[in-house]
Protein chains: 2
Amino acid sequence: MSQAHRQIKLGLLFNSPGSDRPESAAAADGRPAHSLLGYYADIARRLEQARFDFLMVADTVSTESAHQQAPRPEPVTLFSALAGITRHIGLVPTVSTTFTEPFNLARQLQSLDQLSDGRAAWNVVTSSNGERNFGDAPIPDHGERYRRAAEHVEVVRKLWDSWEDDAIVNDHGRHIAVRADKVHRIDHRGRYYAVEGPLNVARSRQGHPVLFQAGSSEDGKAFAAPFAEGIYTAQQTLAGAQAFYADLKGRVRAHGRDPEHIKILPGLCTVIADTEESARRLDDEQWNDIPPHVLRALEQQLGGIDLSDLDPDQPVPAERLPALFAVQGRQSRYGIFRDFALSERWSVRRLLRLQASSAGHGRIVGTPEQIADHLQEWFLNGAADGYILMPSQGPGGIEIFAGEVVPILQRRGLFRRDYEADTLRGNLGLPVPGSRFGQPPAHAARAG
Amino acid sequence: MSQAHRQIKLGLLFNSPGSDRPESAAAADGRPAHSLLGYYADIARRLEQARFDFLMVADTVSTESAHQQAPRPEPVTLFSALAGITRHIGLVPTVSTTFTEPFNLARQLQSLDQLSDGRAAWNVVTSSNGERNFGDAPIPDHGERYRRAAEHVEVVRKLWDSWEDDAIVNDHGRHIAVRADKVHRIDHRGRYYAVEGPLNVARSRQGHPVLFQAGSSEDGKAFAAPFAEGIYTAQQTLAGAQAFYADLKGRVRAHGRDPEHIKILPGLCTVIADTEESARRLDDEQWNDIPPHVLRALEQQLGGIDLSDLDPDQPVPAERLPALFAVQGRQSRYGIFRDFALSERWSVRRLLRLQASSAGHGRIVGTPEQIADHLQEWFLNGAADGYILMPSQGPGGIEIFAGEVVPILQRRGLFRRDYEADTLRGNLGLPVPGSRFGQPPAHAARAG
């Protein structure tokens with residue numbers, strides 16, 4: 001893809017921080033006018049109309065937050081339901097490697113890719129909690145989880161490769177639907193998994209689901225570089241985002257991959273209004289009254305400390321904050337909070353607002369033009385290939401973005417006016433991977 | 001429900017024996033006019049129009065059949081996709097207890113129940129193969145699988161109960177969406193599973209998914225009696241079906257349950273034409289040329305024996321057939337084949353046709369009136385509460401059933417003209433279960 005035509009990629013995170021209320025409302029009534037699926041479907045249709053690349057949903061298998069907000073449908077089922085309702089937009093469920101079997105997951109995601117006709121992805125996470133719902137074993141530590149995850153992803157990719165593209169033939173007369181020589185056992189025997197294969201789902205129009213990854217720690221970057229095609233990352237500053245972008249693209253190149261084949265997509269919370277002043281007022285109003293569960297979330301974000309005895313208008317004492325390597329989950333995100341707490345000496349109240357409004361992701365408050373300027377600046381200055389948007393005004397914020405920011409980006413030639421393709425890979429500018437078992441192997445894998 | 005208004009319940013099994021060809025055709029072309037989801041969606045819409053109770057799909061996590069027929073989407077993803085496209089019809093995925101974590105499965109199925117607004121079920125199976133895709137351990141034997149399955153189902157049910165019906169409140173002012181006192185840890189510690197809970201998905205309009213069960217062996221019946229609400233069973237004769245029906249209803253009563261709250265639904269293959277003669281000719285033509293993979297399937301069905309050296313027009317020698325208890329999977333189905341082979345001295349060719357056409361399920365060939373007569377006879381004579389249909393003419397057979405058999409049943413007052421309810425439980429006449437953690441506990445569980 002030539003630099004001249006390089007365009008911003010846009011995704012939406014369904015469960016954005018600070019935007020759970022409308023969704024809770026949809027789920028709250030015994031029989032809402034608007035069904036739960038209807039809530040998601042309306043947003044999906046609107047963003048498809050606005051030519052968004054994809055929808056994404058974060059996930060946890062922990063129930064610690066069950067008392068804090070309305071529970072949401074499991075990501076694979078949610079996006080399967082949306083597959084039947086949408087036609088172009090990509091579907092990016094988050095699923096943990098720590099609590100799933102590679103065969104089951106490879107199968108479900110490849111089925112989603114088939115049912116959506118080539119629009120599925122997998123946002124790979126390793127989970128930092130939830131283990132008490134899966135037996136007695138303690139959760140593996142950060143490094144061990146990533147080692148296991150690397151093998152998990154490898155098994156899933158082998159299973160996706162176990163069917164060659166031309167394995168299914170349509171020869172009714174001879175009653176043969178599948179060419180046995182085009183379907184391969186994988187015979188994987190590794191440190192953590194033993195899986196024979198083949199998968200029992202064939203390849204899709206885009207080969208297999210796009211691979212997203214959402215960890216930005218050192219372990220996370222090393223894990224992502226060999227395979228990830230989309231990166232969801234939390235970045236607060238242009239300089240920080242540029243450093244992350246250069247670092248990860250360099251790592252990808254070092255693995256012999258084309259750096260264009262990984263899209264770096266910082267999360268971005270938005271508060272948008274007609275004037276900057278009213279956007280700021282809207283933002284202030286929204287966070288005047290921070291829900292009580294946010295304190296608990298902030299304590300978790302800071303490595304599990306207790307903040308309840310502190311003066312909310314004073315900085316967090318340095319001795320309360322654990323070292324980065326000692327934090328077992330969301331390590332890179334903790335780094336952001338720790339920097340604000342230590343270097344900028346933010347008060348507990350200000351950190352609470354950061355948690356409530358964006359959970360450490362970038363945040364921009366202003367007019368549609370200002371939002372567009374921000375997206376353009378990071379995009380043109382080596383900080384982002386696109387964004388995963390987290391509008392903090394719920395469906396209203398999504399509508400303002402789709403209706404007012406997108407047209408500005410389109411006028412500036414920074415965002416598509418129509419879908420380039422009808423697969424997620426096609427729209428993201430990613431190659432269709434060939435099967436490692438196919439002929440010719442390496443060549444086909446590189447061809448767009 | 002009074003006997004006077006007792007009506008036949010009807011489901012469709014998507015992947016019927018002998019009907020895989022149209023589906024293969026849909027999947028075969030790189031980009032078919034008809035997408036894979038479109039194939040399923042057309043059938044779903046047609047049967048919703050005909051007021052069917054539910055759609056079901058069988059499943060295996062084994063890839064042994066991958067070379068035999070086109071692979072199909074994984075059941076939970078398939079039915080989630082159909083949830084968005086349909087409004088009334090029930091969705092019954094088959095999922096194995098042997099290869100899933102109770103927390104993940106409870107969560108996905110409850111999500112499907114939420115996304116479909118109360119139309120989900122779970123057809124519980126224990127799987128007799130597939131273990132080589134899930135590590136090194138051999139598959140547990142028949143009895144052990146059922147013991148594990150019983151605990152698995154119990155954990156899933158506890159997780160579904162972990163949210164009381166009124167756990168979600170909509171109180172924006174106080175930022176409270178969930179009442180903590182209405183969400184419960186399950187703290188399950190059993191022989192096979194340790195699961196803390198609560199689930200992170202709330203209850204649906206029908207409480208939780210309907211529980212189907214598909215094993216008819218002694219182990220299977222003992223397993224089903226305490227919890228199953230729908231039974232998928234293979235029955236060849238009226239007398240055999242009556243005995244099974246009476247046995248299982250009696251077991252259900254012995255568990256203190258209302259026998260009306262379990263629906264016994266034999267599988268039934270149909271070949272339908274305007275005259276009996278043309279239906280018979282159609283059937284003969286269809287099985288003149290039995291696909292080669294059916295021999296392998298029959299060998300598996302008979303407990304893993306080798307039939308390739310036998311004269312296809314001679315009976316299977318008795319010494320080739322293993323004892324019933326020695327067969328580790330599909331034990332009750334093996335019993336049917338074994339009876340035909342030993343008592344009726346069926347030839348290999350005839351057994352092959354039984355496998356190819358119905359895999360041991362009941363089979364009826366005739367006019368729409370004759371099909372309706374058969375359904376009526378079993379229904380009125382204590383052999384069935386309804387049927388899981390497996391039309392062996394593909395989508396054409398489904399259309400004939402919906403367009404010609406259903407109206408006859410409606411005229412006879414045996415089948416609904418409109419849905420009674422908009423949940424699967426409502427249409428099947430099953431009670432909405434209360435949460436075991438709620439108040440009042442036992443009473444609510446029995447209330448319709």
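**Notes on the predicted two-chain model**

1. Let me start with strand E3 (residues 90-96) of chain B: 7 of its 7 residues are buried, so the strand is largely enclosed by the rest of the structure. Buried here means under 20% relative accessible area, with exposed over 50% and partly exposed in between (1.4 Å probe, protein chains only). Helices (H or I, at least four residues) and strands (E, at least two) are DSSP runs, numbered from the N terminus. Both faces of E3(B) are covered: one side has Gly90(B), Val92(B), Thr94(B) and Ser96(B), the other Leu91(B), Pro93(B) and Val95(B), and all are buried.

2. A word on conventions. Residues are numbered from 1 along each chain as its sequence is written, and chains are lettered from A and ligands numbered from 1 in the order in which they are written. This is a predicted model, where local features need pLDDT of at least 70, side-chain atom pairs count only at pLDDT 80 or more, and totals for chains, interfaces and linings use all residues; side-chain values use heavy atoms, with hydrogens and water left out.

3. Which strands does E3(B) pair with? Strand E2 (residues 54-57) of chain B runs parallel to E3(B), joined by 4 bridges, and strand E4 (residues 121-125) of chain B also runs parallel to E3(B), joined by 3 bridges. Pairing requires that DSSP finds at least two bridges between two strands. Leu55(B) has Leu91(B) as its bridge partner in E3(B), while Ser96(B) stands opposite Val125(B) in E4(B).

4. On to the aromatics: a search of the whole structure finds 22 aromatic pairs over all chains. One of them is Phe14(B) with Tyr40(B), an edge-to-face pair at 4.8 Å centre to centre and 90° between the planes. Phe14(B) lies in the loop between strand E1 (9-13) and helix H1 (20-28) of chain B, and Tyr40(B) in helix H2 (residues 36-49) of chain B, so the pair ties together parts that are 26 residues apart in sequence. Both Phe14(B) and Tyr40(B) are buried. For the cut-offs, rings of Phe, Tyr and Trp (its six-membered ring) pair if their centres lie within 6.5 Å; planes under 30 degrees apart count as stacked, over 60 as edge-to-face and the rest as tilted. In chain A, Phe14(A), Tyr39(A), Tyr40(A) and Phe79(A) form one aromatic cluster.

5. Charges over rings turn up in both chains. Arg6(A) lies over the face of Phe379(A), at 3.9 Å from the ring centre, and Arg6(B) lies over the face of Phe379(B), also at 3.9 Å from the ring centre. The criterion is NZ of Lys or CZ of Arg within 6 Å of the ring centre and within 35 degrees of the ring normal.

6. Finally, confidence in chain A. The mean pLDDT (the predictor's confidence in each residue, from 0 to 100) is 87, and 89% of the residues of chain A reach 70 or more. Over residues 20-33 of chain A, pLDDT stays under 50, and the model has 29 contacts beyond four places in sequence for them; contact means heavy atoms within 4.5 Å. Residues 441-448 of chain A are also below 50, with 13 contacts beyond near neighbours in sequence.
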